[in-house]
Amino acid sequence: MADGYDRLIATSHHDECRAGCGACCIAPSISSAIPGMPQGKPAGIRCIQLDDNNLCRLFGDPRRPKVCHTFHFDRELCGQTRGEALHNIAYLEAGSTP
């Protein structure tokens with residue numbers, strides 16, 4: 001039987017990101033350099049490029065890390081609310097660290 005981790009990894013129908021969510025810019029660690037965060041960012045720390053409206057200042061900018069560019073909204077991962085997205089992404093992050 002699949003555990004919750006396996007369920008969260010499975011992809012589902014892709015929709016559009018919820019404007020102002022920002023969970024993907026807070027919950028996961030990012031190991032690549034980010035302008036203003038040359039060492040990347042640890043999990044749970046807000047990216048310096050996330051503005052007051054929880055929108056990425058680097059969206060569409062070639063300096064945006066590839067990992068950010070390739071991350072896409074997933075209904076199952078992002079859930080119904082920002083809180084669910086933060087929880088689910090943090091859960092995956094915890095499962096990916098040794």
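Because the model is predicted, local features need pLDDT of at least 70 and side-chain atom pairs count only at pLDDT 80 or more, while totals for chains, interfaces and linings use all residues. Residues are numbered from 1 along each chain as its sequence is written, and side-chain values use heavy atoms, with hydrogens and water left out.

Ala19 sits in the loop between α1 (4-9) and α2 (66-70); helices are DSSP runs of H or I with at least four residues, and strands are runs of E with at least two, numbered from the N terminus. With a relative accessible area of 74%, Ala19 is exposed (buried means under 20%, exposed over 50% and partly exposed in between, with a 1.4 Å probe and protein chains only). Its C-alpha is 7.7 Å from that of Asn54, a residue 35 places away in sequence.

Ala85, in helix α4 (residues 82-96), is buried at 1% relative accessibility. Beyond its neighbours within four places in sequence, Ala85 is in contact with Arg18, Cys21, Ala23, Leu77 and Cys78, where contact means heavy atoms within 4.5 Å. Cys24 is 61 residues from Ala85 in sequence, and the two C-alpha atoms are 7.9 Å apart.

Helix α4 also gives the most to the lining of the largest pocket, with five residues. The helices α2, α3 (75-78) and α4 each supply at least two lining residues. A pocket is an open set of points on a 1 Å grid over the protein atoms alone, where a 1.4 Å probe fits, with protein on both sides within 12 Å along at least five of seven lines; lining residues have an atom within 4 Å of a point. The volume of the largest pocket is about 900 Å³, taken as the space filled by probe spheres set on the points, which are joined across faces, edges and corners. Of its 39 lining residues, Cys24, Cys25, Arg64, Cys68 and Phe71 lie nearest the centre. The lining divides into 26 nonpolar, eight polar and five charged residues; Ala, Val, Leu, Ile, Met, Phe, Trp, Tyr, Cys and Pro count as nonpolar, Asp, Glu, Lys and Arg as charged, and the others, Gly among them, as polar.

The structure holds zero disulfides, a disulfide being a pair of cysteine sulfur atoms within 2.5 Å. Cys21 is buried at 9% relative accessibility, and its sulfur is too far for a bond because the closest cysteine sulfur, in Cys17, is 6.4 Å away. Cys56 is partly exposed, at 26%. The closest cysteine sulfur to that of Cys56 is in Cys25, at 5.6 Å, so this pair is also too far apart for a bond.
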